[in-house]
Amino acid sequence: MRLLLDTHIFLWSLLEPERLGGRIAAELENPDNELWLSSISVWEILVLAEKGRIQLDQDPPAWIHTALKKVPIREVPVDHEVAIHSRLVDLPHDDPADRFLAATARVRNLTLVTADRRLIGAAGFEVLPNR
C-alpha cells in the first residue's frame, strides 16, 4: 500500500508508538508499503512545537531532519493540482491542513492514515483509520 501519514500518525510512530492501533503499527512496519509525508505535516509539526503542544528533544527543524533520516519516508509534493483539489475536496470542516492532506491523498492516489474522525469516511480518497 501507498500510505500518506497525517501529522499525528507520523509523530506517534516516532514519539508514542503505543497510540497506534495494531493494524496501523503493522502497516507502518510492513516493508512492502510505501510511507509518504506531506510538507503540510512538517509545517504542522513546527507549529505544534512553536505553540508548546509537543516537546521535542532538539530544536524542531533539526528533529525533523533527524526523524526523516530514521524512517524510510517519501516526500509527496504539494503542487498546483493539490492546491486546486484542496478547495474541491468535500470535508465537513475548513481546516487547511486537512484539506491539503485529503487533496494530496486524492491526487496522488495514496491511502491517508489518520486518527482524525472528521477525515474518516470522507469521500474521494481512501482512509486507513487509527481508532
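Leaving aside neighbours within four places in sequence, which residues is L112 in contact with?

1. **L112 and its contacts.** This is a predicted model. L112 is found in strand β4. Beyond its neighbours within four places in sequence, L112 is in contact with L4, D6, L101, A105, L119, F125, E126, V127 and L128. L112 has a relative accessible area of 0% and is buried.

2. **The sheet.** Strand β4 belongs to an open sheet of five strands. The order is β3-β2-β1-β4-β5, and the pairing is parallel. The edge strands are β3 and β5, since each pairs on one side only. Neighbouring strands are turned by 35° against each other on average, direction ignored. In general, strands of a sheet pair through backbone hydrogen bonds, either parallel or antiparallel.

3. **The β4 and β5 pairing.** Strand β4 covers residues 111-114. Four bridges link β4 to β5 in the parallel sense. Strand β5 spans 126-129. T114 has P129 in β5 as its bridge partner.

4. **The β1, β2 and β3 pairings.** Strand β1 (residues 2-5) pairs with β2 over three bridges, again in the parallel sense. Here L3 stands opposite L35 in β2. On to β3, residues 73-76: β2 and β3 run parallel and are joined by four bridges. W36 has R74 in β3 as its bridge partner.

5. **Strand β2.** Is this strand enclosed or open? Four of the five residues of β2 (residues 34-38) are buried, so β2 is largely enclosed by the rest of the structure. S38 lies in this strand. With 1% relative accessibility, S38 counts as buried. Which residues does S38 touch, leaving aside neighbours within four places in sequence? S38 is in contact with L4, V76, V78 and L101.

6. **S38 against L112.** How far apart are L112 and S38 in sequence and in space? In sequence, they are 74 residues apart. In space, the distance is 11 Å, C-alpha to C-alpha.

7. Helix α2 (residues 22-29) lies across β1, β2, β4 and β5. The angle of α2 to β5 is about 115°. Helix α3 (residues 39-50) lies across β1, β2 and β3. The angle of α3 to β2 is about 60°.

8. **Helix α1 against helix α4.** Helix α1 covers residues 7-15 and helix α4 residues 60-70. Their axes come within 12 Å and cross at roughly 80°. That angle falls between 65 and 115 degrees, which means α1 is roughly perpendicular to α4. From α1, the contact uses F10, L11, L14 and L15. From α4, W63, A67 and L68 take part.

9. **More on α1.** The buried residues of α1 are T7, I9, F10, L11 and W12. Two of these names, F10 and L11, also occur in the contact with α4. As a general point, an α-helix has 3.6 residues a turn, so residues three or four places apart point the same way. At the start of α1, a side-chain oxygen of D6 comes within 3.2 Å of the backbone nitrogen of H8.

Terms used
Residues are numbered from 1 along each chain as its sequence is written. This is a predicted model: local features need pLDDT of at least 70, side-chain atom pairs count only at pLDDT 80 or more; totals for chains, interfaces and linings use all residues. Side-chain values use heavy atoms; hydrogens and water are left out. Axes are lines fitted to C-alpha atoms, for helices over the stretch in contact, and angles run from 0 to 180 degrees between N-to-C directions. Helices (H or I, at least four residues) and strands (E, at least two) are DSSP runs, numbered from the N terminus. Angles under 35 degrees count as roughly parallel, over 145 as roughly antiparallel, 65 to 115 as roughly perpendicular and the rest as oblique. Contact means heavy atoms within 4.5 Å. Buried means under 20% relative accessible area, exposed over 50%, partly exposed in between (1.4 Å probe, protein chains only). Two strands pair if DSSP finds at least two bridges between them. A polar contact is a pair of N or O atoms within 3.5 Å; within protein, one must be able to donate a hydrogen and the other to accept it, and residues adjacent in sequence count only if both atoms are side-chain atoms.
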